[in-house]
Every structure is written in C-alpha cells, then in structure tokens.
Amino acid sequence: FHDKIGAYFTLISSLNAQRKPDKAVEFGIAVLSQLGEPIPKYGEVKSIVMVELAKSKQSIGNKTDDDLLTIDAMKDKDKIHAMRLMYNLAVSSFMCDQGMYCVLALRMLQMSLCYGLCDASAFAFASYGCLLSGIDDFHGAYRFGKLSLRLLGASKSKKDEGSFFLPGIYFLVQSFIFPWVDQYRASLKPLEYAFTSGLSYGQIIFSMANARAECYNAFQCGEELMKVEKRIKKYTKVFSDLKHQLFLQYISPVWQATLNLMGHSENPEQLTGEVMSQEKMINICLENKRERSLIEIYHICSWLAYLFGNYELASRMIENRKQFDLYLGPCFLLSNIWFFDGMVALAACHTLKTDKWMGVAQKSLVQMEKCASVCPLNYKHRFLLLQAELAFLLEENENAEVSYNDAIKTADENGFVQDQALAYERAGYFYMKQGKTSIASQNFGLSHNAYLDWGAQSKANQLRLFCPF
C-alpha cells in the first residue's frame with residue numbers, strides 16, 4: 001500500500017485535471033481509510049460539520065497564537081500522507097461538495113492539533129478561518145487567517161518566495177476572511193500574486209480561483225468597469241491558452257453583468273449576451289450539480305433586476321436562489337446577498353404592497369450592521385442605505401434623509417462609486433415622494449454622473465430616460 005501512495009496522488013491529480021472532482025473525492029476517501037483517517041460519507045452533512053466545528057473549538061480552547069505556532073512537528077508518515085491527501089481532496093471537494101470540503105478541513109485542523117504541524121497545516125488553519133467566518137465569527141476568522149500566513153512563512157517547504165500551498169491559502173484568506181476586516185482593495189495584489197504562484201506550482205484550480213476572486217473583488221470595490229473587464233479578459237486568455245475552459249464558465253456571470261452595465265446587452269436584466277446564455281448556463285450548472293454557481297447566477301440576476309427597477313423579477317430570482325444551500329461563501333458573495341436581499345425586500349414592500357418581505361429586510365439589516373461594526377470601510381455605507389430605505393418605508397422622513405446623506409458621504413469617502421450612485425438614486429425617489437422635485441432632480445443627476453464614473457452606461461441611460469433631472 002505505502003509503495004503506491006505516489007501513484008494515488010497522481011491519479012487524484014489526473015481526475016481533477018479531467019474535471020472529475022467527485023471521482024477524485026470518492027477514490028481519495030477510500031485511501032484515507034487505509035491511512036487510518038476514515039471520513040464519514042453518510043448522514044446530514046451540516047450536522048456533521050457543526051459537531052466537528054465544536055470539537056475543533058474545544059481542542060483549541062484557550063491556546064494563544066504562540067501556543068498554536070509552536071506545536072511540535074508531525075512525525076507519523078501516515079498522518080503526513082493523510083494531511084497532504086486531504087489537501088488534494090479539499091481542492092476537489094471545494095468545486096463539487098462544500099459539505100465534504102468542510103469535513104476535510106476540520107479533520108486537517110484536528111490532526112494538526114493532535115499529531116503536530118506539517119506543511120499542509122497552514123491550509124488547515126486558513127480553512128478553519130473560513131468556517132469561522134461562515135458562523136459570523138469575523139475576528140476569529142481573521143486571527144486564523146493571520147496564523148495561516150505566519151505558519152506558511154515558517155514552513156520548511158517554503159521555496160524562493162512561494163510554496164506549493166500558497167495559492168490555496170491566499171485564496172481562502174483573501175477571498176473568505178480578510179475582506180470582512182480589511183478593505184477589498186487590499187486583496188487585489190495578493191490574489192494576483194497567488195494566481196502566478198499557482199501556475200508555477202501546477203495548482204491550476206487554485207490559480208483559477210485566485211484570478212476569479214481578484215476580478216470579483218475588483219468589481220466589488222467599485223473599480224471602473226472597463227478596467228474590470230480588462231482583468232477578466234487577461235485571465236480568460238491565460239486559461240484558454242492552457243486549454244482550461246472551465247475558468248470561462250466560472251467567470252462568465254460577473255463578466256456578462258459587467259458588459260450589461262457597460263451597455264453591451266439588449267436586455268441588461270438578463271445574463272445573456274456576448275459571453276454567456278443565462279438559460280444554458282443554469283442548465284449546465286443544474287446538470288453538474290454546481291450549487292455555488294447557481295447561487296451566484298441567481299444572485300447576480302436578482303441584483304441586476306433590482307438595479308433596473310424590475311422588483312418582481314428580482315424577488316423571484318431570490319426565491320430561486322434560496323433553493324440551494326451555501327455552506328460558506330466568499331465575502332463579496334455573502335455581503336452582496338445580505339445587502340441586495342434587503343434592498344429588494346424593502347422595494348417589494350414599497351411597490352408590491354406586501355409585508356411578506358419584511359422579515360428578509362430585518363435579517364439583512366442585522367447582518368449588515370454586524371459587518372459594518374467589524375469593517376466600516378467596506379460595509380458602513382450599505383448599512384446606512386438599508387437604514388434609509390427602511391425609514392423611507394416607515395415614513396420616518398427625518399431619519400431617512402439623514403441616513404441617505406450619511407450613506408452617500410460614507411460611500412464617497414471609502415471609494416464605492418457604484419453604491420454612492422445607488423444611494424443618490426434611492427434618495428431621489430425618496431425626495432420625489434415628498435414632493436421635493438428640485439432636490440430629487442439634483443440627486444438623480446448626481447446618481448447619473450456617478451454611474452457614468454463607474455462605467456455603467458446602460459444604467460446611466462435608464463436613469464436619464466425615466467428620472468427627471
């Protein structure tokens with residue numbers, strides 16, 4: 001058995017390259033059992049994850065950062081093989097089975113605490129940080145993100161300025177952890193570096209993941225849309241040249257949304273145009289059970305529908321998205337879902353004359369307040385805008401006016417031009433309802449200019465046609 005370990009690793013890498021991550025996971029789990037680390041395959045995965053998470057927290061207890069970083073090195077060769085194998089399976093399951101990824105990540109952490117540290121332990125720490133962010137423990141997540149980077153830096157497997165595990169660790173830290181605490185813009189250069197490192201170490205899946213996360217985070221932080229598209233085109237060409245067309249499928253929703261906003265689509269509410277067909281992509285994801293991709297597609301559809309004033313479609317897309325569970329998601333996805341679910345819910349209460357969405361709005365306010373308290377630079381303006389919209393709905397006009405002004409000012413200070421444009425627009429509707437047409441017109445005009453600054457020509461055109469300024 002031990003003489004075949006290298007061949008097993010090669011086979012798993014081959015299955016991943018053939019886009020058969022489910023087969024890689026199935027085979028790898030059988031190998032893990034022979035290494036003395038059986039992984040549960042049955043039962044309610046979410047319950048298993050919560051039990052394993054509680055075990056991990058108990059094992060960590062009151063250990064300080066220094067306590068964790070000075071754990072003895074792992075010596076048992078079978079355990080080291082099992083850790084490296086679980087890393088490879090985590091790469092596979094990340095694409096096809098979020099629940100299994102969580103189980104593997106927690107097992108890697110528990111083994112590191114019990115048997116000692118090895119070069120894969122830094123990835124285990126980063127994964128644990130991801131899971132903590134998934135239960136809204138943002139400070140705990142940030143702590144383990146930092147610890148994973150320190151462990152990576154001290155790893156004996158470090159070579160030159162890179163490491164075999166660096167692409168995966170950077171992806172988790174810069175996509176799932178740090179933006180809860182640090183500015184989105186701070187993640188762009190590390191993600192670009194991890195993309196390059198991934199290519200040099202043959203870590204194609206994590207290289208793609210870092211490139212994609214960089215594009216999404218650039219979009220999220222309000223980078224001018226033409227520059228966002230330039231980033232996307234650059235990475236798409238790299239992976240196309242490497243004959244990895246999967247990247248195009250994973251980047252298509254945000255790319256098509258970017259093109260829609262720039263004015264390159266007949267119907268900006270639909271993700272159909274130059275780079276994808278919404279209906280075809282949904283069918284592909286359904287056939288291949290890519291639930292995370294479906295969640296992203298339905299979310300982007302709901303956001304675009306909301307932005308262009310189709311609140312009925314936006315609310316329907318939210319309901320479609322809620323068919324699927326998201327065990328953990330990157331910061332840009334979760335924070336966007338919380339924010340725009342709230343905005344759609346409040347708009348639905350306004351225009352569809354229904355209170356069934358009020359619970360959704362209240363939940364969004366709670367989540368965004370929590371985000372804003374941890375990282376006001378990224379999230380305070382969005383919380384203020386939700387507060388303004390709720391006050392508008394409840395006819396608390398004085399509070400609404402203050403919150404709209406604060407949201408506009410905060411979005412400007414922190415460089416989120418797309419959210420400043422939205423805040424101006426919503427303030428315009430608020431003032432129109434009050435009969436203050438002059439102030440409303442001024443806000444619509446400022447919104448139009450901000451959308452143009454972002455590069456959203458189609459949205460600016462819509463505003464010019466339907467809103468007086």
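Predicted model: local features only at pLDDT ≥ 70, side-chain atom pairs only at ≥ 80, totals over all residues.
Local features were considered only at pLDDT of at least 70 and side-chain atom pairs only at pLDDT 80 or more, whereas totals for chains, interfaces and linings use all residues. Residues are numbered from 1 along each chain as its sequence is written, and side-chain values rest on heavy atoms, with hydrogens and water left out.

Helices and strands are DSSP runs numbered from the N terminus (helices: H or I, at least four residues; strands: E, at least two). Helix α6 comprises the 18 residues 98-115. The expected span of a helix is 1.5 Å times one less than its number of residues. For α6 this gives 26 Å, and the C-alpha atoms at its ends are 26 Å apart, so the two values agree. Of the 18 residues in α6, 16 are buried, where buried means under 20% relative accessible area, exposed means over 50%, and partly exposed lies in between (1.4 Å probe, protein chains only). Gly116 follows α6 and has a positive phi, near 115°.

In helix α16 (residues 311-321), the buried residues are Tyr311, Leu313, Ala314, Ser315, Met317, Ile318 and Arg321. The cover over these buried residues includes α15 (291-307), α17 (331-351) and α21 (417-433), with contact taken as heavy atoms within 4.5 Å.

A search of the whole structure for disulfides, defined as pairs of cysteine sulfur atoms within 2.5 Å, returned zero. Cys215 takes part in no disulfide, and the nearest cysteine sulfur, that of Cys221, is 11 Å away. For Cys221, the closest cysteine sulfur is that of Cys215, and this distance of 11 Å is too far for a bond. Cys215 counts as buried because its relative accessibility is 0%. Cys221 also counts as buried, at 2% relative accessibility.

Aromatic pairs number 31 in the structure. Rings of Phe, Tyr and Trp (its six-membered ring) were paired if their centres lie within 6.5 Å; planes under 30 degrees apart count as stacked, over 60 as edge-to-face and the rest as tilted. Tyr170 and Tyr193 form a tilted pair, with 6.1 Å from centre to centre and 55° between the planes. This pair links distant parts of the chain, as Tyr170 belongs to helix α9 (residues 166-177) and Tyr193 to helix α10 (residues 188-200), 23 residues apart. Tyr193 has a relative accessibility of 32% and therefore counts as partly exposed. One aromatic cluster is formed by Tyr87, Phe123, Phe164, Phe165, Phe171, Phe176 and Phe206.

Charged side chains were also found over rings, the criterion being NZ of Lys or CZ of Arg within 6 Å of the ring centre and within 35 degrees of the ring normal. Arg185 lies over the face of Phe416, 5.4 Å from the ring centre. The charged end of Lys459 is placed over the ring of Phe308, at 5.7 Å from its centre.

Two further residues were examined individually. Leu35 lies in the loop between α2 (21-34) and α3 (45-60) and is buried, with a relative accessible area of 4%. With residues up to four places away in sequence not counted, Leu35 touches Phe1, Ile5, Asp78, Lys79, His81, Ala82 and Leu85. The C-alpha atoms of Leu35 and Tyr87 are separated by 14 Å, with the two residues 52 residues apart along the chain. Asn443 is located in helix α22 (residues 437-454) and is buried at a relative accessible area of 8%. Not counting residues up to four places away in sequence, Asn443 touches Ile408, Tyr424, Ala427, Gly428 and Tyr431.
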